[in-house]
Amino acid sequence: MMSKEQKERYRRQIAVFGEEGQEKIGNTRLLIAGAGGLGSTAALFAAMAGFGTIRIIDPDYIEETNLNRQLLYRESDIGKPKGGTAAKALHALNSSIDVEPVFAAIGTAPVQDLIRDMDVVIDGLDNYLARFLLADAAWQCGKPFIHGAVEGFYGQVCTIIPPTFPCLRCVVPNPPPVRETPIIGVTTGVIGCVQVTEAIKLATGTGLPISDHLWLWDGIRQKSDRLMIERIPTCHVCGKD
Amino acid sequence: MKVHVKAFATFREVMDNQIDMDFPKGASIRELLDELTGRYGGLGNLIFAAPDTLRDFVNILKNGRNVYFLAGLDTPLDDEDVIALFPPVAGG
């Protein structure tokens, strides 16, 4: 049951999906992998929405070059670990939720152990080596994985729901090489918000997820497109052949 | 036959977002890319690592199916196909 304070805090969004929907959000455990541009945007909006538990994983320390897009951090945070700093900022925003920072890189800790007790995974990573490790583990654990990625004015989102829809390896069979990607904060803002929108939809059972297609954002033309995706029959993660 | 070509993300910086093209029966993805690289000057270097070899990150989808898992550049075109040229983005 929600407290009187919680009912007041979430009054404007209870008007959208009811007290039952708000309670479902409060009971949802969200894993956010990466506390960079996408991860910090997703974490901020997830905390505001009232997701009851947010586990945020990142192995890095805050640098000056992060401040064009990673909106949980201030100049005075430079040199501090991202996960712990993000957790403090989120808890200051919403003290009624649990925030668990994990100072680790995906791949250095058993990935399924990070996922198993969570309900939804949000991808805030910056390379496909880590993304595939996390997405494969989420698939094996049967957890929805909300993929997001950006470059410049462009971004993409897809919600991977096992076992019905294609996995991330089918969505992106040929990923780009690892490099320092050009990024602007408005694009991580748009894509991070779309990812949390997906998480809210999943938690409350509202609408349909972005699952049989990749949602593509073009900030130059202010246009979005859908790219239909089919499962690769020989896929070693989700293929049936 | 008519083929609808759509370009996404950074490919849009060198070619139109969406064009319709006509090909004779029997044409393949190879002919489509030849036609496109002839039409758009910057596209060839962007998508080919060497003649006949696409760069690793270039995803070409025929009606949602990646041609890498069909017949690659030899994948035949059919009337009213939707061909998507898609470079996935990676940053976070």
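The structure is a predicted model, in which local features need pLDDT of at least 70 and side-chain atom pairs count only at pLDDT 80 or more, whereas totals for chains, interfaces and linings use all residues. Residues are numbered from 1 along each chain as its sequence is written, and chains are lettered from A in the order in which they are written.

At 1.5 Å a residue, with the expected span taken as 1.5 Å times one less than the number of residues, the 13 residues of α3(A) should span 18 Å, which agrees with the 19 Å between its end C-alpha atoms. Helices here are DSSP runs of H or I of at least four residues, and strands are runs of E of at least two, numbered from the N terminus. Because 11 of its 13 residues are buried, α3(A) is largely enclosed by the rest of the structure; a residue is buried if 20 or more other C-beta atoms, placed from the backbone, lie within 10 Å of its own. Among these buried residues are A:Gly37, A:Leu38 and A:Ala43, and just after the helix A:Gly50 takes a positive phi of about 100 degrees.

Chain A comprises 8 helices and 8 strands, and buried residues make up 49% of its 241 residues.

Between the chains, 33 residues of chain A are in contact with 22 residues of chain B, contact meaning that C-beta atoms placed from the backbone lie within 7 Å. The elements that give two or more residues to this side of chain A are α3 (37-49), β5 (145-151), β6 (154-160), β7 (213-218) and β8 (223-228).

Conventions: Contact = placed C-beta atoms within 7 Å. Buried ≥ 20, exposed ≤ 12 C-beta atoms within 10 Å, placed from the backbone.
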